[in-house]
Amino acid sequence: MDSSTSVALEPVLSFLAFSLSKLESGFYRIPGSAVVARYVKSSHQNDPGRTILELILVIFAIRTLLQSRTRTDRSGKHFIKFSEKEIDELVDEWVPEPLAQPLSEWEQRDLSSVPVISGPNGPKPKLLTTGKTVTNLASFNFAGLAGNEKVKERALETLQKYGLGSCGPPGFYGTIDVHLDLEREIAEFLGTEASILYSQGFSTISSVIPAFCKRGDIIVADRSVNFAIQKGILISRSTVRWFDHNDLKSLEDTLISVEKERKKRKGPLTRRFIITEGIFERDGEMVDLPKLVELKLKYKYRLILDESISFGTMGRTGRGLTELYNVPASQIDMLVGSVANGLCSAGGFCAGSSIVVDHQRINGTSFVFSASMPALLATSGSEAITFLRNNPSVLLNLQDNIRAIRAVLEKTEGITLLGHRASPIIHFCLRTQQQSLAVAQPTYDYEAEERILQDIVDDSIASGVLLTRAKHLRGQEMVESRPTIRIAATAALSRKEVEKAAGVVKASVTRILSKRR
């Protein structure tokens, strides 16, 4: 019986063996099949249950891919059926929600009060609404480069040679020789190994920070850094510790506490950064750079310094705080500056070692994904550096004008001047018992002060001096700043013109505040 059954099954077994042999040989002809077979054999040998589980998962995945993605009721028996009349009524009754909330009365006034300049900007622009020429104390034209004839001439030559746009990111086909020239000139000007250009000023520092700071790294930053730095810190996802505004004693205490925390939890050493500004955009305060570098070296941190305001305004030739304090630029790991502010062009830069710069060419998001700045703006920046090299007296005139403005406004009742006495941006706020620019719980009426300051701005513009309130994204920034009016000094005006303009501002302050009493 057994022998007869074996004889009967022999052809079937032979066929199965032949089929399996054919399947095996066909399978091994597929590229990569040997790797799959080796993985299955080792998996089955070590854990047969795992092979069964993986087979079930493969079948489930195939079933999921093949089944319908939507479970619609094709019969329509569960649909609510409307008549044509009901459909028309529903359409007529539907009112779409607005894309944005309507502006408040104050927001409408604030928007409508923005002055529009007719023609080129400069120290004496013409307003479109009134046709009146005003003295400009609102624009960042510190060295008086806006409207400089030599800069305009070089820009026009570049426009005729290269056209307007760069038409691509720097890493592809957006880099032109004038971009490389400006990068080299900035590095030579500051005394660093190299520099890299970014096409937008705001995105410069907000790209530099996440290019180096990653999750798990430590950032110790000033509480009152500008909004661009705040966004860069947020994007980096690093661990952040804040120190009090421009208080280097608070900075040292924070550095010590960070090290104590690490030793307590026996954590590994991570990359650590100090981030601050040279001259703070919020209030014009200036950092003590020698002391900052001393702390950076003592506690072994890297320093990211934003010189967007101080570059092109401080030092004998505008090299910034490194020149003012005679600190080698090599002591600053990442020196960030603004080509738009200091050189009256556009974009920004980061200067440092060749390693720091080359790293950003791959990891700086704004550099990688944004189009290069137009060639004519790069040429304008190069010409501006040449101007600063050859005309150091311009910055002496700037400091004279700063002192003249402060001398007039310091005698004005009802306001308090903020910031460092050499800062080219001068903020003033209404005088109250609480004079701190950034406090945890404001003791003032923010909106009421904004309205008073806007009245001063409007009155000053009507009297021939262009001013602006310092604008902030309230509710989005980490610290709520006290409402202020910001004056931007310029070397393009004579001392007599500056004193006269400051006198107009003083008269506007006195006039508006006297009405409020």
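Predicted model: local features only at pLDDT ≥ 70, side-chain atom pairs only at ≥ 80, totals over all residues.
Colleague: Let's begin with single residues. Why is S481 called buried?

Modeller: S481 has a relative accessibility of 3%, and buried means under 20%, so S481 counts as buried. You will find S481 in the loop between β14 and β15.

Colleague: What makes the meeting of the S481 and R282 side chains a polar contact?

Modeller: The two side chains are 2.2 Å apart at that contact. A polar contact needs a pair of N or O atoms within 3.5 Å, one able to donate a hydrogen and the other to accept it. The pair of S481 and R282 is listed as such a contact.

Colleague: How do you know whether A384 is buried or exposed?

Modeller: Its relative accessible area is 0%, and the cut-off for buried is under 20%, so A384 is buried. A384 sits in helix α17. Leaving aside neighbours within four places in sequence, A384 is in contact with L145 and L343. A371 is 13 residues away from A384 in sequence, and their C-alpha atoms are 22 Å apart in space.

Colleague: Why is K266 called exposed?

Modeller: Exposed means over 50%, and K266 has a relative accessible area of 75%, so K266 is exposed. Its place is the loop between α11 and β7. K266 also has a positive phi of about 55 degrees, although it is not a glycine.

Colleague: And what makes K300 count as exposed or buried?

Modeller: K300 has 64% relative accessibility, and the cut-off for exposed is over 50%, so K300 counts as exposed. K300 lies in the loop between α12 and β8, and its phi is positive too, near 60 degrees.

Colleague: Let's look at α12 itself. How do you know that its buried residues line one face of the helix?

Modeller: The buried residues of α12 are L289, L292, V293, L295 and K296. Seen down the helix axis, these residues fall within an arc of 160 degrees, so they line one face. An α-helix has 3.6 residues a turn, so residues three or four places apart point the same way. The buried residues of α12 pack against α11, β7, β8 and α13.

Colleague: Last topic, the rings. Why is the pair of F311 and F349 called edge-to-face?

Modeller: The ring centres are 4.9 Å apart, and rings pair if their centres lie within 6.5 Å. Planes over 60 degrees apart count as edge-to-face; those of F311 and F349 are at 70 degrees, so this pair is edge-to-face. F311 is in the loop between β8 and α13 and F349 in strand β10, so the pair ties together parts 38 residues apart in sequence.

Terms used: Residues numbered from 1 in each chain as written. Heavy atoms only, no water. Buried < 20%, exposed > 50% of the residue type's maximum accessible area, 1.4 Å probe, protein only. Helix = DSSP H or I, 4+ residues; strand = E, 2+ residues; numbered from the N terminus. Arc of directions from axis to C-beta. Contact = heavy atoms within 4.5 Å. Phe/Tyr/Trp six-rings, centres within 6.5 Å; stacked < 30°, edge-to-face > 60°.
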